[in-house]
Amino acid sequence: MAGRSFRLALLAATLLLVLAIGGVTVSAILAEYLRDTDMERAIPWSLGNAQVWRRTARVSSLSLNDQALEAGAGYYRQSLARNPFDVLAWQGLVTMETRLGGDRRAEPVLRGWNAAMPNSPRAAWTLANLLLRQGREDEALPYFRRAAKHDASLRPALYPLAWNFLDDPQKIWRAVVPGDDEARIEYFHYVLLERKDLATAGKIWDELRSQQTFRVAEMGMVFAEQLAISGRGPDAMRVWQQATASAPPAAAGERMVNGDFEAPCEGQALIGIC
């Protein structure tokens with residue numbers, strides 16, 4: 001009997017050694033294979049495992065009882081103390097705190113999330129919307145800008161939103177639109193092609209046209225075309241010339257042979273030029 005017990009203990013120790021060598025821990029096994037409803041029983045075995053704490057918190061989030069929700073918020077905090085870069089844990093904690101106390105309790109969590117993950121577009125976007133709901137537009141602007149900087153897919157939603165709550169094109173340009181060329185060109189096209197705001201587009205063009213890139217030159221040509229369509233021939237000619245001058249040498253050479261503006265009154269002009 002003693003020999004059998006010894007062999008079983010040796011086998012168990014060998015198994016644990018193999019798992020440890022492979023980087024597998026008891027807490028990792030529990031986190032992977034236990035059902036959500038059993039996660040709370042795994043905590044004593046898994047105090048250092050952030051996933052176990054998060055999954056335990058998720059079970060608490062299904063409750064309608066404030067005491068259980070408070071416990072769940074605590075579990076999320078335990079998870080984040082072990083892994084502060086877990087987006088799912090931050091989202092869960094924000095949801096839990098919102099259910100317990102609305103924006104008042106959610107805001108400190110969102111600020112903590114932004115401090116821990118300053119390049120997270122989701123963290124910035126969520127906080128910006130909370131501040132906007134409270135009428136704190138000026139506080140929201142840097143977070144909207146940060147979100148759009150790190151996630152270009154947010155820009156088509158952000159630009160119309162900014163025009164809805166800010167009646168100041170220059171403030172939108174300075175405080176909302178990210179500072180990289182791609183974002184600024186996207187915003188220019190939104191102003192020009194969707195809002196049809198030639199005056200604001202002209203101010204953006206004047207600021208960007210000194211950059212000798214093909215994208216900026218192309219932007220100017222689109223602007224010139226819209227001016228021509230609007231019947232502003234002299235302005236269209238001026239912007240076209242500025243665009244070809246701002247293009248890199250090779251691109252400028254290719255564009256200068258374009259007959260639309262080479263011979264504007266010989267039947268090849270864009271409408272409105274002559």
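Me: What is the relative accessible area of Asp-103?

Reply: Buried means under 20% relative accessible area, exposed means over 50%, and partly exposed is in between, with a 1.4 Å probe and protein chains only. Asp-103 comes out at 22%, so this residue is partly exposed. A quick word on the model before we go on: this is a predicted model, in which local features need pLDDT of at least 70 and side-chain atom pairs count only at pLDDT 80 or more, while totals for chains, interfaces and linings use all residues. Residues are numbered from 1 along each chain as its sequence is written, and side-chain values use heavy atoms, with hydrogens and water left out.

Me: What share of the chain's residues is buried, and how many helices and strands are there?

Reply: Helices (H or I, at least four residues) and strands (E, at least two) are DSSP runs, numbered from the N terminus. In this chain you'll find 17 helices and zero strands. Of the 274 residues, 40% are buried.

Me: Which residue meets Asp-103 in a salt bridge?

Reply: A salt bridge is a side-chain nitrogen of Lys or Arg within 4 Å of a carboxyl oxygen of Asp or Glu. For Asp-103 the partner is Arg-133, at 2.9 Å from N to O. This pair links distant parts of the chain, as Arg-133 sits in helix H8 (residues 121-133) and Asp-103 in helix H7 (residues 103-116), 30 residues apart. Arg-133 counts as exposed, at 57% relative accessibility.

Me: How many salt bridges are there in the whole structure?

Reply: A search finds 18. One of them joins Glu-97 and Arg-77 at 2.6 Å, N to O. Glu-97 belongs to helix H6 (residues 87-101) and Arg-77 to helix H5 (residues 66-82), so the pair ties together parts that are 20 residues apart in sequence. Glu-97 is buried at 2%, whereas Arg-77 is partly exposed at 43%.

Me: Where do Glu-107 and Arg-111 lie?

Reply: Both are in helix H7, four residues apart, which is about one turn of the helix. Glu-107 is buried at 15%, and Arg-111 is partly exposed at 31%. Elsewhere, salt bridges that share partners join Glu-70, Arg-77, Glu-97 and Arg-105 into one network.

Me: Which residues is Leu-127 in contact with, leaving aside its neighbours within four places in sequence?

Reply: Contact means heavy atoms within 4.5 Å. Leu-127 is in contact with Glu-107, Leu-110, Arg-111, Asn-114 and Tyr-143, once those neighbours are left aside. You'll find Leu-127 in helix H8, buried with a relative accessible area of 0%.

Me: Which residues touch the most other members of the largest nonpolar core?

Reply: In soluble globular proteins, nonpolar side chains tend to be buried together. A nonpolar core is a set of buried Ala, Val, Leu, Ile, Met, Phe, Trp, Tyr and Cys residues joined through side-chain atoms within 4.5 Å. Here the largest one has 64 residues, and Ile-172, Tyr-187, Phe-188, Ile-204, Trp-205 and Phe-223 touch the most other members. Helix H14 gives the most to this core, with eight residues. Not counting residues up to four places away in sequence, Phe-223 touches Phe-188, Leu-192, Leu-198, Ala-201, Gly-202, Trp-205 and Val-239.

Me: How far apart are the end C-alpha atoms of H14?

Reply: The expected span of a helix is 1.5 Å times one less than its number of residues. H14 (residues 214-229) has 16 residues and should span 22 Å; its end C-alpha atoms are 23 Å apart, which agrees. After H14 comes Gly-231, with a positive phi near 85°.

Me: Which side chain makes a polar contact with that of Arg-184?

Reply: A polar contact is a pair of N or O atoms within 3.5 Å; within protein, one must be able to donate a hydrogen and the other to accept it, and residues adjacent in sequence count only if both atoms are side-chain atoms. For Arg-184, the side chain of Glu-207 is the partner, at 3.2 Å. Arg-184 lies in helix H12 (residues 181-194) and is buried at 15%.
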